Amino acid sequence: MHKACHTGRVSSTARARRAAGEITVRERIVFAAGDIYAGGASSLIAVLYLIFLTDIIRLSPGLAGTAVLVAKIWDAVNDPLMGAISDRTRTRMGRRRPWILAGAILLIPIMAVLWLPFPVLDSQIGKMVWAMMSYIAYNTVQTIMAVPYASMSTEITVDYGQRNKVNTTRLLFSTVASASVTLLASWLFDQYRASDMTLMTMYASIVLGFGAVFTACMLGVALFCRERVPVPPTNEPFRIRAFISPLQTPSFRRLLSLYLCHSLAMDIVSATVLYYALYIVTGASAQVFLGTFILVNVIAYPIVTWLVGRMSKHRIYYSLLPMAIVGVAAVALFPADGPLVLLYAFAFILAAGMSGAQLMSWVMFPDVLDSAEMQTGQRNAGSFAGLMTFTRGIATAIVIQILGLVLEFTGYVTPETNEVPVQPDEAILGIRLFMLVGISVLLSLGWIVARRYPLTRDVCLANQARLQEQRRERT
């Protein structure tokens, strides 16, 4: 009898936890693995696409940067529109998963077009148009998955502690995938440059290798995860101003700034690392440099996860940023013939200083949605996520455009085949200054904004309690 009663209590407790929004460890891992695509695909573009256009397609750096920028302008409509559409979707699979499923099916075919090493049009303008149109098509498919996935991160559970676990696990996958893909992509390019790999082998590795992993991760989310936050009974009218309505939430404006600061700093690292290893500190390994970021983030993940349950998230974000600024100054100004062990030590300092910021933005995102839902009664996570991915995409394109212009105006020598040409001193100085100024300014801004972030841990817990009361009253 005692055993039966105990079993009954355990069963009741389990049912209560499920009712409160608890998810299984398996589902948490499957959902978090979806960020392998979100983090990995953006890093693949950041590290390889510009040098792919300049050194393989043979497009001039200025036109290559323009192609990326124009393609990203499409996101001015694409990302917020997808967010609004997914907010208003009603199916048996929920609001987000049908779109994730559709995008996963289309991903490999569109990657095959994006990375095609033989453009249909031969002239410089023709190559730019080809790059622009293929990137627009890829951006569309990416958005179909990325915006609903980011929105779903706030809806997979209603429990504050479980939600933190989901999002810290997700960000671990994203950060490790980002660094791993950057490392592997740079290795593929080095193999091609050394004539140890044919161009078609590199192309197949990108499309079928990365593409298959990304597709499998997103299919897992679409087929094996579900939303738990109650869907609002009515939809807001579909208006243009709804695209920018998230900016009316003060904490979202701050979070958006924090997200851009650390993301763009990492984009600069990714976009310059191959140029840095080829032309500035020759003999340096891009793979070792980026592997350092993987190691640091693997070490940082359990520490950050433990801290999230004990202190305000914005403090985790900003605490180590001054160390990162010192690290990037040391890397950017490192002498061409300096000892490589010391260079990698400075890379470790840079990675460690950025680790808290890299792991925090999307962990803080659900707290902002709680604040917005309390104010409006709506939880339009798609609109918020769409605006975040839109601004990230535009800002990343601007960063790549600036790097392209820096290379163009400092006399960067585009290789004729797969050789490594000698670059003028002006181009080398331009790459160094782009790293130093860009990353240090972004991280300094992030430090300033984070110190004034309003959603402390106590505020977030209080918002959760009040939000639960509001939901009960609505039902």
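Guide: What follows starts with the rings and then moves to other sites.

This is a predicted model, in which local features need pLDDT of at least 70 and side-chain atom pairs count only at pLDDT 80 or more, while totals for chains, interfaces and linings use all residues. Residues are numbered from 1 along each chain as its sequence is written, and side-chain values use heavy atoms, with hydrogens and water left out.

Rings of Phe, Tyr and Trp (its six-membered ring) pair if their centres lie within 6.5 Å; planes under 30 degrees apart count as stacked, over 60 as edge-to-face and the rest as tilted. That rule gives 17 aromatic pairs. One of them is stacked: Y135 and Y138, at 6.5 Å centre to centre with 20 degrees between the planes. Both residues sit in helix α7 (residues 124-152), three residues apart, about one turn of the helix. Helices are DSSP runs (H or I, at least four residues), numbered from the N terminus. Y135 and Y138 are both buried, with buried meaning under 20% relative accessible area, exposed over 50% and partly exposed in between (1.4 Å probe, protein chains only).

Helix α2 (residues 25-33) has the buried residues E27, R28, F31, A32 and A33. Their cover includes α7, along with α3 (35-55), α8 (160-193) and α9 (199-224). Contact here means heavy atoms within 4.5 Å.

D370 lies in helix α14 (residues 340-376). D370 counts as buried because its relative accessibility is 1%. Leaving aside residues up to four places away in sequence, D370 touches R163, R379, Q464 and L467. D370 and N463 are 93 residues apart in sequence, yet 6.8 Å apart in space, C-alpha to C-alpha.

Last, the cysteines. A disulfide is a pair of cysteine sulfur atoms within 2.5 Å. The count is zero. C217 is in no disulfide, as the nearest cysteine sulfur, that of C225, is 11 Å away. C217 counts as buried because its relative accessibility is 12%.

Key: Helix = DSSP H or I, 4+ residues; strand = E, 2+ residues; numbered from the N terminus.
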